[in-house]
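Hi there,

Here is the structure I promised to pass on to you. Have a look at it first, and then read my notes below.

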Amino acid sequence: MDKQRYDQRVRVFVEVRGGEADWELAGERFAAHGWPVREAAPAGEGPLGEAVEARPDSRVYEIEVRLPGIAKGADLGAARRVAKALRAARVEGYVRRADVLHRDRERLPYWRAVDTSARPRPATSWFGRRLYWTCLDRPTDRHSLVQAEAEQALRLARAGQWDVAPPTGVRVLYGGSGRAANRVSVEYEERSLGAVLLWALGTAAVLPFILAASGLVLGFCLTVFALGTAGTLRAAARLLSWWGVLGGGLFIGVFGLLMTGGLGFGPVSRRQVALSAAAALISGGLWLLGRQWRSGEWVAWAVPLAATLSLSTLVTAGSVLHTLYAAGFELDPSDLDVSPIWKVFAAAKLLELLSFALALPAWWGVARHRHHFYALPGESFSFVLWFAMTIATVTVTAYLVLAAAGQAITRTTEAAERGTDPPPFFGVQPDWTCVEPVVPADKISGEGPPLDPARPYLSFGVAGGNAVLWDAEAGEAVKVPASKVRLVPAEGADQVCRGV
């Protein structure tokens, strides 16, 4: 059976009513979801005893629900999943209790067995003993490693050593002193360290905004920076006491230098901070969503779909922005002769704009990781909410794409009206050009207003055998055969061109 990765184990007591047939069906549903049945007993007996009313058609199951996500809210998430599974099977069942099983192991230190018979440990102060173990020669190691508390390490190192002389001592290799008061769980340690880094990085990310702000905005940014600093130091102190406070301050200092360019990498702009934060949040949400899928889902449709979309996007994305840009000047995409390298850059810009559409699945991944009720798989409300959010996301994304091309069109037309040089757009560089006919002007057939050789036009180049022009006075595109005209660069819009 295809297994799903899980983070939490929840012990759920569920009462199933309806008799033997319904009990059997409920057991099949539990097995189908990968929830092992630990115990089953008639109502009024078993693990919950008389807390559940005794009924002849009722049975209480103790099952273990395994689900991804954080521990907080995992009990409610497991209860909802069990209730949904029974409801889908048309079985009357009630979740009576759910307990999150915490099985986080301690971070026990590693010890190296040593032979100290040649150099007995002096009975001095605590500092003297620490100096003794620090200066102990490495040749005294017995090439034997144990992981245990300080009180148990030497006994484990000596156990079973019948054929050789047992070690006379152990020295800590990694993991602290091994005292019970100094030990923390693995998950707590990793979670606390991640919290310190995130707090420090977020606090330092406020610095570019502080440097560019003034007035009330500056006061707000300083308040956020102070709160971030306090959060960093608090998270660090919970992990390593006052040593953690020093480390948290060091993290803020290093990240702050990186943000302000103090380490020689150049200052980070506010736009870079915002884009980096958005990319990190979206990537994190997508990762949380993807890790909740079963491997069969990846192989069956997710991987082929991603590959297909990637290939099709790379092929077509490079022409989308150019097509919209050409449409703004009433031109066809074939009227713009764009090199492949610029199409690659345009595709990268389009993918950057389309990345906003990934915010929805990223948020869904976060919601499922935190066991939000609307993100429960298969809920009808989830489908309605997802549909509404999808429409909103697609609308906003389409607006961003259209706005990117629209702004370029507006800048070009405004520059044409002012007579200044228009900006480029991914390989398209409109230039002021004098159009000199090589045949009588009345014999030149083309598209758009009649050609006036006395004034310059904006030229988009030659494509398909036609000179593609823009008439700033008429506000229309002009296309004439390139073989019947000569394009001469103009110094500006006010230049008087030479006619025939």
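Predicted model: local features only at pLDDT ≥ 70, side-chain atom pairs only at ≥ 80, totals over all residues.

Strand E9 (residues 457–463) pairs with E10 in the antiparallel sense, over five bridges. Strands here are DSSP runs (E, at least two residues) and helices are runs of H or I (at least four), numbered from the N terminus; two strands pair if DSSP finds at least two bridges between them.

Residues are numbered from 1 along each chain as its sequence is written, and side-chain values use heavy atoms, leaving out hydrogens and water.

On its other pairing, E10 is joined by six bridges to E11 (residues 476–481), again antiparallel. Asn466 has Pro481 in E11 as its bridge partner. Five of the six residues of E10 (466–471) are buried, meaning under 20% relative accessible area with a 1.4 Å probe, protein chains only (exposed is over 50%, partly exposed in between).

Trp470 also belongs to the largest nonpolar core, which has 25 residues. Such a core is a set of buried Ala, Val, Leu, Ile, Met, Phe, Trp, Tyr and Cys residues joined through side-chain atoms within 4.5 Å. Helix H12 (380–418) is among the elements that give two or more residues to this core, and gives the most, with five.

Best wishes
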